[in-house]
Amino acid sequence: MEVTLDDMEVMYVAAESGTEGAQQAFDKLESHFSTLRGRKFYGTYQSGEYRACVVIMPEDDPSSLGLDTCIIPGGRYIRKKMKDWLERIPEIEQTFVSLAKQYPSDPERPSIEFYRSQKVLILFLPVLSSE
């Protein structure tokens, strides 16, 4: 399903070894917060770099937390829901590859993972505008 996302301002930790370091990057990012409740977590992947991200909330001070910030660019994306993703981690990359074969992806924007819950992961593949 095609959706349009808005830009998102996030704090992030870059993984040291691409997608292989995703779990360590999330562990490091999550360690900065006393609670994760109410926070929206994303993973982005572009040009070999994986970033564990969390949307900045009004009370956050990224510099005092020692976290870098960036904008996850909005635009057109193909959305794919993955249930029980914790048991299917190897399928995440395979799903992005499969989607990229079906749709003209935009190399200027990252692929996005939205960690909706412990059970549901939403994948977003950036696609080129048809305009």
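## A buried pair

Tyrosine 42 and phenylalanine 114 are both buried. This picture comes from a predicted model.

Tyrosine 42 belongs to strand β4 (residues 41-46), while phenylalanine 114 belongs to strand β8 (residues 111-115), so their pairing ties together parts that are 72 residues apart in sequence.

## How the rings meet

A pair of aromatic rings is described by the distance of the centres and the angle of the planes. For tyrosine 42 and phenylalanine 114, the ring centres are 4.8 Å apart and the planes are at 25°. Planes under 30 degrees apart count as stacked, so this pair is stacked.

## An edge-to-face pair

Tyrosine 77 and phenylalanine 124 are also an aromatic pair. Their ring centres lie 6.3 Å apart with the planes at 85°, so the pair is edge-to-face. The cut-off for that label is over 60 degrees.

Tyrosine 77 is in strand β7 (residues 75-83) and phenylalanine 124 is in strand β9 (residues 120-126), so this pair ties together parts that are 47 residues apart in sequence. Both residues, tyrosine 77 and phenylalanine 124, are buried.

## Pairs and a cluster

How many aromatic pairs does the structure hold? There are six. One aromatic cluster is formed by Phe26, Phe41, Tyr50, Trp85 and Tyr115.

## Charges over rings

Tyrosine 12 has arginine 51, whose charged end sits over the ring at 4.0 Å from the centre.

Key: Residues are numbered from 1 along each chain as its sequence is written. This is a predicted model: local features need pLDDT of at least 70, side-chain atom pairs count only at pLDDT 80 or more; totals for chains, interfaces and linings use all residues. Side-chain values use heavy atoms; hydrogens and water are left out. Rings of Phe, Tyr and Trp (its six-membered ring) pair if their centres lie within 6.5 Å; planes under 30 degrees apart count as stacked, over 60 as edge-to-face and the rest as tilted. Helices (H or I, at least four residues) and strands (E, at least two) are DSSP runs, numbered from the N terminus. Buried means under 20% relative accessible area, exposed over 50%, partly exposed in between (1.4 Å probe, protein chains only). A charge sits over a ring if NZ of Lys or CZ of Arg is within 6 Å of the ring centre and within 35 degrees of the ring normal.
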